[in-house]
Amino acid sequence: MVIPNSVETIGESAFENCTGFEGSLTIGENVKNIENNAFKGCVGLKGDLVIPDNVKSIGMFAFENCSGLKEIYLGKNYYGSSKENAESGLYSYGLFDNAFSLSKIIVSDYNEHFANDENGVLYSKNQAVFYQQ
């Protein structure tokens, strides 16, 4: 599935529980926001997922139950579900819950809000653990 460069926001529940699709997801370079539940329950999403640098916010439960995702790369501008949460060191609640195949999350070295360690554990810059498989 390809989200084209002409899209700036993937709306709330836009692809929630989508069926009939199996494969990878490519998110266009101009997407800035992925809203709550956008891909929740899309069990057909498989492989690695790159969240492009322009994506700033990802809503709650956006990729919950996407059990085929393997690795996630978070770009340099990702700050969680809101700027206020990022400044408080909060993560997008439930973002990758039940993504059972997810082995690690890789964060851009240039991201000001989040980091990961060599095992793919996601941390806020204040070292609070947010995701650990």
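Student: What share of the contacts in the protein between residues at least 6 apart in sequence join residues at least 24 apart?

Tutor: In this predicted model, where contact means heavy atoms within 4.5 Å, that share is 54%. Side-chain values use heavy atoms, with hydrogens and water left out, and residues are numbered from 1 along each chain as its sequence is written.

Student: Why is S57 called buried?

Tutor: Buried means under 20% relative accessible area, exposed over 50%, and partly exposed in between (1.4 Å probe, protein chains only); S57 has a relative accessible area of 10%, so S57 is buried.

Student: What makes the link between S57 and N33 a polar contact?

Tutor: The side chains of S57 and N33 are joined at 2.8 Å, and the term requires a pair of N or O atoms within 3.5 Å, where, within protein, one must be able to donate a hydrogen and the other to accept it, and residues adjacent in sequence count only if both atoms are side-chain atoms.

Student: Which residues touch the most other members of the largest nonpolar core?

Tutor: Such a core is a set of buried Ala, Val, Leu, Ile, Met, Phe, Trp, Tyr and Cys residues joined through side-chain atoms within 4.5 Å; of its 30 residues here, I34, F39, I51, I58, F63, I72 and L74 touch the most other members.

How values were computed:
This is a predicted model: local features need pLDDT of at least 70, side-chain atom pairs count only at pLDDT 80 or more; totals for chains, interfaces and linings use all residues.
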